[in-house]
Every structure is written in structure tokens, then in C-alpha cells.
Amino acid sequence: MASTDQAVLPRFIKGYAALEDGVLMAIFASTLGLAVMQILLRNFFDIGLIWLESYLRMQVLWLAMLGAMVATREGEHIRIDLLARFIQGRLVRYFDGAVAVFSVLVCGAATYACITLVQFEMEDNLMAFGPVPIWMCQLILPFGFGVMTLRFAEKARRVIFKGAL
């Protein structure tokens, strides 16, 4: 039974990564296409879609969060590693573990703050564009920070308990 469970999790993670990449590419392509369309409509036909500016702003938010999630998954996120250059030997592992735990705490706090933001926006019931409320557009914030929290937690587990599991 344990071998089946161990086989399911890597497949799920791989499938989720593919979904994440696909959504990121689709949003990027639609953002680019809609922005070009808006430019062409304004410059050549003196018209534009009034709701499109707000929609594109929300898509940029989603692009930023999905890009951060992918960067965290790939280990290509921004790191401030000034101290890491001066640390050698066994201390590198402890430093990497401390950085991962700190990242879990920061992303966890951001997740909580974003959940609170979405709750406040639900109470306000303001619209982002058309009939779409702002809170629906902001759902990517707690979700993205939550995913990054889990990824940093897994990294912390791997670094701190290296070889123990």
C-alpha cells in the first residue's frame, strides 16, 4: 500500500506542475493578445473595450503570482544570499535550512494576510470589471502564497532532515 501512495504523489506533483505551466502560458498569451488588440482598436479605429484595462491589470497580477509559483518550484526565485557566499562546509546546510524556514514564515504570513484581504473584499462586494467581483480576481494571492509556503516547507524538510526520511 505504501508503494502505491508513494507513486501517486510524484504523479500528482508532476501533473500539477504541468497545469501550472499551462495556465501561466495561456494567461500570458491572452494578456499579450488582448493588449495588442486594445492598442490596435484605439490607434486605428478610435474605439476600445472599457473593461479591458481592469481585466489586463488582474491578468498581470495572476501572471506575477503564477510566475512566482513556478520560480519557487524550479528553485529560480530571487534569493538574497550575501551571507551564503562566506559560509562553507557543514554550515551551508544549516544556513539553507534557516533560510527555508524563514521563507515558510514569510510566505505563511503573506498567505494569512491575503486571506484576510479577500475576506474584506468579499464584504465590500466591489466589482473588478463587468459582473466579476474583485475578490474573485484576488483569489490567486492566498493560493499562490499558500503553494509557495508548502514548497518552502518541503525544501526546509529536505534540508533539515537530509537523509533522515
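**Helix 2, helix 5 and their neighbours**

User: Which residues in helix 5 do Leu-61, Trp-62, Met-65, Leu-66, Ala-68, Met-69, Val-70, Thr-72 and Arg-73 in helix 2 meet?

Analyst: This is a predicted model, where local features need pLDDT of at least 70, side-chain atom pairs count only at pLDDT 80 or more, and totals for chains, interfaces and linings use all residues. Residues are numbered from 1 along each chain as its sequence is written, and side-chain values use heavy atoms, without hydrogens and water. With helices taken as DSSP runs (H or I, at least four residues), numbered from the N terminus, and contact as heavy atoms within 4.5 Å, the helix 5 partners are Ile-140, Leu-141, Phe-143, Gly-144, Phe-145, Val-147, Met-148, Arg-151 and Phe-152.

User: How many residues of that contact are nonpolar?

Analyst: Let's sort them by type: Ala, Val, Leu, Ile, Met, Phe, Trp, Tyr, Cys and Pro count as nonpolar, Asp, Glu, Lys and Arg as charged, and the others as polar. Two are polar and two charged, while the nonpolar ones number 14.

User: At roughly what angle do the axes of helix 2 and helix 5 cross?

Analyst: Axes are lines fitted to C-alpha atoms over the stretch in contact, with angles from 0 to 180 degrees between N-to-C directions. Helix 2 (residues 52-74) is roughly parallel (under 35 degrees) to helix 5 (residues 140-160). Their axes come within 10 Å and cross at roughly 5°.

User: Which residue's side chain meets Arg-73 in a salt bridge?

Analyst: A salt bridge puts a side-chain nitrogen of Lys or Arg within 4 Å of a carboxyl oxygen of Asp or Glu, and the structure holds seven. This one spans 2.8 Å, N to O. It ties together parts 52 residues apart in sequence, because Arg-73 lies in helix 2 and its partner in helix 1. That partner is Asp-21.

User: How far apart in space are Trp-135 and Val-118?

Analyst: Trp-135 belongs to helix 4 (residues 134-138). Beyond its neighbours within four places in sequence, Trp-135 contacts Val-118, Glu-121 and Met-122. Val-118 is 17 residues from Trp-135 in sequence, and their C-alpha to C-alpha distance is 5.2 Å.

Methods
Helix = DSSP H or I, 4+ residues; strand = E, 2+ residues; numbered from the N terminus. Parallel < 35°, antiparallel > 145°, perpendicular 65-115°, else oblique.
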